[in-house]
Structures are given as structure tokens and as C-alpha cells.
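Q: I have a structure open and want to learn how to read its features. Can you take me through them one by one?

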Amino acid sequence: MYWRVKSTLSLIIFTFSGVINGEETDNSRMYDGFQMLTLTVTEEYDVQELVTQDYLPCEILKAPDPLQILCPPADLNRVKVFLSSYEIEYSISIEDVGEFIRESEQHDKDYRNTAMDWRDYQRYETIVAWMEEVAENNPSYTTLIDMGRSVEGRKLYALKIGKSRQGNQTKAIWIEGGIHAREWISPATSTYIIDQLIQFFKQAEVSECSESTIVGIDWFVAPLMNPDGYEYSHTRDRLWRKNRRFDPTTECYGVDLNRNWDVIGFGIGASSRPCNIVYKGPSRGSEPETVAGAQTILKYRDNIRVFVSLHSYGEYWLLPYGYTSREMIDYDKQVNLGRRAIKALQCINPSRSYRLGPVTTLLYSAGGSSMDWAKIEAKIPYSLTIELPERSSFILDKSKIIPVGNEIWAAMKEISLEAMRHPLGVDPAHPFGL
């Protein structure tokens, strides 16, 4: 079932001019005067077109509950008049997005450290150097995997952390972070998990009291799958989403890497226009970032029992499929694991209220996602996407990095129990007989 909203809202697409997707001519996009509006919508309408439109002046940041849109100053008054005329209630969530970003960046400048820690959002170079150092300093249980290079030639790294005596019979978890550039809390949480794992494995070398499931499986963590877009979000455009593929015909940049995986449903819920924020790419698996991830996962797919993709924001625990509303034939076990993991993280922070279910039910169609690919093509038993906290904005204060990390680490411990229990081999629960 697609998410649906008031039908008159779709008229916004055609009523106003202006594009806020694609590449800006100004090198430093400051979002001065932009506002984030939260809409209260009660009636229903098929809204999938809203997500993929090119000429919607207000970019949809979050949907459906609540619906949050980012509007440029040139169209603000007309958009507000339009919403009021159709009795669509709204509130201003962020008065001036440019000022909000600058305030956040100023707070970041209060503490700067080129060494890796989690008191700040770290840059690409810091993360890569730290991963190399971790592998070098812990050779008995850590392996650095060079998966390939990004569009602009940056390294795509994953760390394998494990020391099981079962060798190639060891079960594993794969954690993917940073596939969308602006979701900074994703690579921060991914690297925090790496750090927690290193601490546990160090303890396991001198003690028999370590939690057996954590050290009894292999952990693969690829914390920064979109390094080009991530760097661009730090230097030019804080809300950049895609990679940095240049399209010479339109002179627009970027492919949505979470719409580019080579899997059934590719193109559903995505755009074929390069300037669009959910541009699927020129073809299935066209991007080096998605190819690198897929090729590496396939090497270990018989061992990987759980695939986790970290995103933000909204506090959702999302399940396949992104291209259809039909449930997986093993849907119940996916939900059961989700409930247990959510309960585990709520023991750390009882205020969290993750919504659990298929992405097409809770949000919208998203064909060509890594989550669908992992379940369908790699045939990994459990595949899920976590939309990390909070529910207000992509811009999460750096003081929340460690608390969010601790919450997800608690969930990963619960997930590791299921990874340990599940038999090896490809998932017998193929979707619809595929």
C-alpha cells in the first residue's frame, strides 16, 4: 500500500516554479531563508508522484507521519497561501534552515579533533585513517577490506572483526552506513559500533567473561558507502543526499545510491531524471559504490545472517520490500527480531518509539535499495533498514552521537543472538519463489 495524502497537495507540483534539486551554481549553498514546514494531512491521495517530481519547489524531507518539507524563500509565501486555501494545516519546524545549519556548524567548531572520537562528526580522511589504524593495531581479529573506489576515487572500506574458531563456518552480520550523504549520524553510529566491537574483542583476548555471541560471530562494517557525497555535505551542501556522478546532458550531479542496486523493483519509487533527488541512475548497479558493496557482500553471503542499513531520520525499523506491498513469506520472523531489538535499545533509552514494518507501508516505495538486494539477490535471511533518531531533522546535534550509538549497540547485541542461531547458507525463504 502506498502512503497517501490530501489530493490537493499534489497541485503544488504544478502551481509553483523553482527547483531545489540538482546542482546549484553557487559553490556554497547556505539555505538562507529556507524553512522546514510540518504538514498535518488527513485525507488520502496516492503521493508516490510527489517523491519523484522534478519541479516540486518544496523538497519532501520526511513522510508520512509527519510530512516535512523544505521550502525555498522565493516560494514560501505562495506555498503557505496555497496550503491555507486548501485547509492543509502546517507549522514552521525550522524558521531559517541556513541559520540552523550555521548554528550547528558553530557548535561543531567549538570542538575539533583530527583523531577519531565520537564527540564530533568526523570527516572522510579521519574515518579512513582510523580504520587503517584499527586493522594494523589489531591484526589477530581485524581485517581491512578494500571494496573499491567511489566515483571521485575515494576509498570504500569495510572492516571485518572476528576471531571465531569455526573458521568459514562462522556466522556474520553486515552493517552498512553512510549511503545517503546528509545522514551524518549513520557513519557516526557505524564507526561507534566498530569501536565497541574492538573493545569487546580486546577484552576477549584476556578474559573469558566477554559476551559469547559478540565474539562468536564475524562482524562486517562498511561505515561510509558514499564518501564523495558525504564530503560534499561537509564542504558545500549540508543537505546533499546522492553521490557525485556528473550527468553531462543535464549538468546535474548525483545518483541516489539506495535506488541503484541491481534487484527486482529497480526504478519503482525512483526517478529517471538526473536532477531529481531520488535519481535511480542510468542503469541497474551503474555506480561503483553499489557495485563494490554488492561484490563484497556476495563473497560472504553464505555466512551473513543479518544485513543492516543505517539511515536517518525518523525512528523507523523498516523491512523489505521497497518495490511491492506484498509481505515476505518469512515476515513474522523479521518482525519478531525487530521487536526484540527495539526492546533492547529501549532498555537504554525508554523514550524511543521505533515504528516497525515494511517500508512501503510505513513510508513509500523505494525500489533498488540495498535492503531489497540483500534479501532477494544475496538471499540473506534477515535484511532491515534502521532510520535513526530523531524525528525532527537530518541535522542531529553532535551531543547525541554517543547516546544513539549506545542504543543501536544494544540492538546489535540482540541481533547477534539471532545471527548465531540461524543456520548457514542462502536463505530458504525466497521472495515469491524467486
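Q: Is glutamate 132 buried, partly exposed or exposed?
A: This is a predicted model. Buried means under 20% relative accessible area, and exposed means over 50%. Glutamate 132 has a relative accessible area of 28%, so the residue is partly exposed.

Q: Which residue does glutamate 132 form a salt bridge with?
A: Side chains of opposite charge can pair when their charged atoms come close. Here the partner is lysine 155, and the closest N and O atoms are 3.2 Å apart. Glutamate 132 sits in helix H5 (residues 124-137) and lysine 155 in strand S6, so the pair ties together parts 23 residues apart in sequence. Lysine 155 is partly exposed too, with a relative accessible area of 29%.

Q: What is the N to O distance between arginine 149 and aspartate 146?
A: The two side chains meet in a salt bridge at 2.7 Å. Arginine 149 is partly exposed, at 37% relative accessibility. Aspartate 146 is partly exposed as well, with a relative accessible area of 42%.

Q: Arginine 352 forms a salt bridge with glutamate 315. Is arginine 352 buried or exposed?
A: Apply the cut-off again: buried is under 20%. Arginine 352 is at 8% relative accessibility, so this residue counts as buried. Glutamate 315 is buried too, with a relative accessible area of 5%. The closest N and O atoms of this pair are 3.2 Å apart.

Q: Where in the chain do arginine 352 and glutamate 315 lie?
A: Arginine 352 is in the loop between H10 and S13. Glutamate 315 is in the loop between strand S11 (304-312) and S12. The pair links distant parts of the chain, 37 residues apart.

Q: How many salt bridges does the structure hold?
A: The count is 22. Some of them join up: Arg340, Glu414, Glu418 and Arg421 are linked in a network of salt bridges.

Q: Now strands. How many residues of strand S8 (residues 218-222) are buried?
A: Start with the general idea. In a regular strand the side chains alternate between the two faces of the sheet. In S8, five of the five residues are buried, so the strand is largely enclosed by the rest of the structure. Take the faces in turn. Asp218, Phe220 and Ala222 are on one side, and Trp219 and Val221 are on the other. Both faces are covered.

Q: Which way does strand S6 (residues 155-161) run against S8, parallel or antiparallel?
A: S6 and S8 run antiparallel, joined by three bridges. Isoleucine 161 has tryptophan 219 in S8 as its bridge partner.

Q: In which sense do strand S7 (residues 172-176) and S8 pair, parallel or antiparallel?
A: They pair in the parallel sense, over five bridges. In this pairing, glutamate 176 stands opposite alanine 222.

Q: How many bridges join strand S12 (residues 316-319) to strand S13 (residues 355-358)?
A: Four, and the two strands run parallel. Tryptophan 317 has leucine 356 in S13 as its bridge partner. Now follow the chain between the strands. From S12 the chain crosses through helix H10 (residues 331-348) to S13, a right-handed β-α-β crossover.

Q: Leucine 345 is in helix H10. Is leucine 345 buried or exposed?
A: Leucine 345 is at 0% relative accessibility, so this residue counts as buried. Look next at what surrounds the side chain.

Q: How many residues apart along the chain are leucine 345 and valine 404?
A: They are 59 residues apart, while their C-alpha atoms are separated by 9.3 Å.

Q: How many residues does the largest nonpolar core have?
A: The core has 84 residues. Those with the most contacts inside it are Trp219, Trp317, Ile386, Ile408 and Met412. Helix H6 (residues 185-206) gives the most to this core, with nine residues.

Q: Which residues does isoleucine 386 touch?
A: Its contacts include Trp317, Ile408 and Met412. Val308, Leu310, Tyr316 and Tyr354 are also among them.

Q: Finally, the whole chain. How many helices and strands are there?
A: The protein chain has 13 helices and 14 strands. Of its 434 residues, 62% count as buried. Then check contact range. Among contacts between residues at least 6 apart in sequence, 79% join residues at least 24 apart. The accessible surface comes to about 17,100 Å², with 48% belonging to carbon and sulfur atoms.

Conventions:
Residues numbered from 1 in each chain as written. Predicted model: local features only at pLDDT ≥ 70, side-chain atom pairs only at ≥ 80, totals over all residues. Heavy atoms only, no water. Core = buried A, V, L, I, M, F, W, Y, C linked by side-chain atoms within 4.5 Å. Buried < 20%, exposed > 50% of the residue type's maximum accessible area, 1.4 Å probe, protein only. Contact = heavy atoms within 4.5 Å. Pairing = 2+ DSSP bridges. Right-handed = clockwise from strand over helix to strand, strands pointing away. Salt bridge = Lys/Arg side-chain N within 4 Å of Asp/Glu carboxyl O. Areas by Shrake-Rupley, 256 points an atom, 1.4 Å probe, with all protein chains shown as cover. Lists of a residue's contacts leave out its neighbours within four places in sequence.
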